[in-house]
Amino acid sequence: MTKVYSRPKLLKKKIFHYCAGCGHSIIHRLLAEVIEEMNLQERIVGINSAGCSVFAYDYLDIDMAEAAHGRGMAVATGLKRASPETIVFTYQGDGDLAAIGTAETVHTANRGERITTIFVNNAVYGMTGGQMAPTTLLAQLTTTTPYGRDARLEGHPIRVSEMLALLGGVVYIERTAVDSPTNIRKTKKSIRKAFQVQIDGLGFSMVEILAPCPINWKMEPLEAWQWIGKEMTKVFPLGVIKDITGQKDAD
Amino acid sequence: MAKVLMDGNSVIGEAAIRAGCQCYFGYPITPQNELTEYMANHLSRKKGCAFIQAESELAAINMVFGASLAGVRVMTSSSSPGMSLKQEGISYLASCELPSVIVNMSRGGPGLGTISASQSDYFQATRGGGHGDYRTIVLAPSSGQELADLTHRAFDLADKYRIPVLILGDGILGQMMEPVEFKHEAPAELPVRSNALRGAKGRASRIVRTCTSNTSDMEELNWSLYRRYQLIKEEEITCETFLVEDAEMIVVSFGIAARIARGAIKNARANGLKVGLLQPVTLWPFPSAKVEELANRAKYFLVFEMNMGQMIEDVQLALNGKGETFFYGRPGGVIPTPSEVFRVISRHYYQKGLS
């Protein structure tokens, strides 16, 4: 029998600490697969965000460093400028990238830093226990929007990808999701392309991935996965947000 | 090399480049902009080097973090309010044991403050400043030449102990033009630190982290840092003395205040007063043993600072009751004159019946 699918070598043999139904473990696996397939493990450095995924270095067998809350892109910028041959990516959640790190996000993208960002959007603060995120949907219940997010009081969900697409240094942004096998495959393809943009030295690239957080959404895993397609994609539509590579998909 | 006439901020820039500084990230703030501009002129197009005018001090210090991860010599600079913003990053640099050089050309505060020279960031510089149990080496130059020499030393110390090193200057030092001799040539090849993070080629992958849910791991990091700090205390304390051999009163001053104090002491000596100067060059670690040694002869210590009395606490700790301290300070960016300090010295001197 031919083996068609196996554990990526770059995924350490450890049990994930993530909750049942969480999207991080899938995205970690996709990253490990892409880095392995593109043969980048000897020249790649990942910068983790604060939040549940701060322990990503426990699972990915590559050089990784931690950044302070929101500062991932500044750290990645410094690393990339000091060592332009190194492939650098940040792995950030919505609180990290779109709240405390908004300034770093906007300016790193605008400078067109040759880095790649994996932006995991689950519309809530996970590690701190389910508070409102900048991407929390209107009427969504969180521990700090107990009556549902009200635009008059808490503002609207920020569409980071659309916002960054306006900036000159941004080359490629795509929004994907990990709520179905089809979308998971698309996500992998998108991550691959985002790295290729960096390898080609074109500018800033980002993949926004809609991911479930069943515990903080107070849903069963299956219900949470369905909620992405039913509710989140209404505010955050999937697809290519910006692509000026002038090429077809890298693979 | 012949002496050149340069402003203090540019001196730091030139000395840093000659020390092999490959990356500079900063955000403009007066009175240290000449340094940022010097780096823009001399580093931004240099092969293998990088300069970024960051979007904030927060971003700048975290770019320093990134470049230090990549194993190069890296520097940032700011002035007092900007230094407050950098404290988060400095705490992370200390925790991750990442060498880096951070310059504070301080000004009068608190708050936005004045743009004139002050020494009111002593506590912030020497006590850690950011969160957590850590220290940074703090060097306090008092002249253009010391700016050049100590900038070079700062990079060496940072690498030797894998620690962030602060240069605590002030507005006058940064702006003042003086003849300076640079004693080193810039290295032809820029070295990469052996533990750099550039991808796991030919070795196991590496993690640079501060976060742990394990308290005993965190305690071990704190002990390990503590042991290194003790080593620095044994090896690196530096201070200058001036006319202390027969002195009955010692003026303790650092940085530009020590320069002013020298003028006052020359004046005092001309008037027959036995006064000397102790100038700590490393503010952390503080030259406590030297203070104690001087107290064997001189019983009176006039601590003169351009603040409301911060270093005086370190002097008192070092004396541990052995000598009597007086304080004279001018905060807010007011720059006292040597004759003003001389009057203060004379008053205390005669009041104690030392004539």
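A pocket, on a 1 Å grid over the protein atoms alone, is an open set of points with protein on both sides within 12 Å along at least five of seven lines, and its lining residues have an atom within 4 Å of a point. This is a predicted model, in which local features need pLDDT of at least 70, side-chain atom pairs count only at pLDDT 80 or more, and totals for chains, interfaces and linings use all residues. Residues are numbered from 1 along each chain as its sequence is written, and chains are lettered from A in the order in which they are written.

The largest pocket has a volume of about 510 Å³, a volume being the space filled by probe spheres set on the points. Among its 28 lining residues, A:A50, A:G51, A:C52, A:H69 and A:M127 lie nearest its centre.

The second largest pocket has a volume of about 310 Å³. Of its 20 lining residues, B:S95, B:E97, B:I207, B:V208 and B:R209 are the closest to its centre.

I turn now to the sheet. Seven strands of chain B form an open sheet in the order β3-β2-β4-β5-β7-β6-β13, with mixed pairing; strands pair if DSSP finds at least two bridges between them, and a strand is a DSSP run of E with at least two residues. Its edge strands are β3 (50–53) and β13 (282–284) of chain B.

Finally, is A:T135 buried or exposed? A:T135 is buried, with a relative accessible area of 1%; buried means under 20%, exposed over 50%, with a 1.4 Å probe and protein chains only.

How values were computed. Side-chain values use heavy atoms; hydrogens and water are left out. Helices (H or I, at least four residues) and strands (E, at least two) are DSSP runs, numbered from the N terminus. On a 1 Å grid over the protein atoms alone, a cavity is a set of points where a 1.4 Å probe fits but cannot get out, and a pocket is an open set with protein on both sides within 12 Å along at least five of seven lines; lining residues have an atom within 4 Å of a point.
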